[in-house]
Amino acid sequence: TSKYDPLRDIFLPVPESRKREDIAALYYSPDVILEKIQNKTLANEISNLKRKHKYDTIIIIIEKFDSYLKKLETSDNKDYASRVRQAMTSLEVSSDITKSKNKMRKKKTIPNNIIRLTTEEVESALIDLEVDLKVCVFPIQNVGDGLNWIKSFTYTVSSAIYENNIRNNEF
């Protein structure tokens, strides 16, 4: 960049240097970040980054988050439909065919260490994360989308020192 010399009314070049940015980006899959939120380990990681490593801005990138929410919503809908069917069959006399169909269906098991959350609870947890820990959360569709986002963000941060309003903010 350059430095302004008011006596000669010109900008003088300064020696090339490296600047450490105060931005950290964390990249997670939806399962991992929700487990970390539930176990309260994400809050510890973020506070360590801010306190020990002096990062002011922390960005959390979540890969395939929208499709994860759709899967949760579909699962919630299937559970609801199942509960309605059970309530209806308990009122009626069920036939042998219905019993054999219910036996054939297998319910997916959820690991014991993770509490199953609804779509609303997941969205609320992410909003709480953004507000309480002052982080920015960016959901992305896939790895390519994430790489493009990181490339664009890196370009924006690295070119900021060359913009006149940022470089010479005293003007």
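Visitor: Let's get oriented. How many helices and strands does the chain have?

Guide: Start with a tally, then read the order. This is a predicted model, and its chain has seven helices and five strands. From the N terminus the elements go β-β-β-α-α-β-α-α-α-β-α-α.

Visitor: And what share of the residues is buried?

Guide: Of the 171 residues in the chain, 22% are buried. The accessible surface is about 13,300 Å², and carbon and sulfur atoms account for 55% of that.

Visitor: Which sequence separations turn up among the contacts?

Guide: Take the contacts between residues at least 6 apart in sequence: 74% of them join residues at least 24 apart. S2 belongs to strand β1, residues 2-5, and counts as buried because its relative accessibility is 18%, under the 20% cut-off.

Visitor: Now the sheet. In what order do the strands come?

Guide: Read a sheet across its strands, then look at the direction of each pairing. Here three strands make an open sheet in the order β3-β4-β5, and the pairing is parallel. At the edges are β3 (23-28) and β5 (136-140), each pairing on one side only. From one strand to the next, the twist averages 20°.

Visitor: How many bridges join β3 to β4?

Guide: Six bridges link β3 with β4, which covers residues 57-63.

Visitor: Which helix lies across β4 and β5?

Guide: That's α5, residues 119-133, and it runs at about 140° to β5.

Visitor: On to the core. Which residues touch the most other members?

Guide: The largest nonpolar core has 22 residues, and I33, I37, L42, I46, I60 and L129 are the ones touching the most other members. At least two residues each come from β3, α1 (30-39), α2 (41-51), β4, α3 (65-91) and α5. The biggest contributor is α5, with four residues.

Visitor: Say I click on I60. What is it in contact with, beyond its neighbours within four places in sequence?

Guide: Quite a list! I60 contacts L26, Y28, I33, L42, I46, L129, V135, C136, V137 and F138. Among these partners, I33, L42, I46 and L129 are also on that list of core residues touching the most other members.

Visitor: Last topic: aromatic rings. How is a pair of rings described?

Guide: You need the distance of the centres and the angle of the planes. In this model the count is three aromatic pairs. Look at W149 and F153: their ring centres are 5.2 Å apart and their planes are at 5°, so the pair is stacked.

Visitor: Where do W149 and F153 lie?

Guide: Both are in helix α6, residues 143-159, four residues apart, or about one turn of the helix. Together with F138, they form one aromatic cluster.

Methods:
Residues numbered from 1 in each chain as written. Predicted model: local features only at pLDDT ≥ 70, side-chain atom pairs only at ≥ 80, totals over all residues. Heavy atoms only, no water. Buried < 20%, exposed > 50% of the residue type's maximum accessible area, 1.4 Å probe, protein only. Contact = heavy atoms within 4.5 Å. Areas by Shrake-Rupley, 256 points an atom, 1.4 Å probe, with all protein chains shown as cover. Pairing = 2+ DSSP bridges. Axes fitted to C-alpha atoms, helices over the stretch in contact; angles between N-to-C directions. Core = buried A, V, L, I, M, F, W, Y, C linked by side-chain atoms within 4.5 Å. Phe/Tyr/Trp six-rings, centres within 6.5 Å; stacked < 30°, edge-to-face > 60°.
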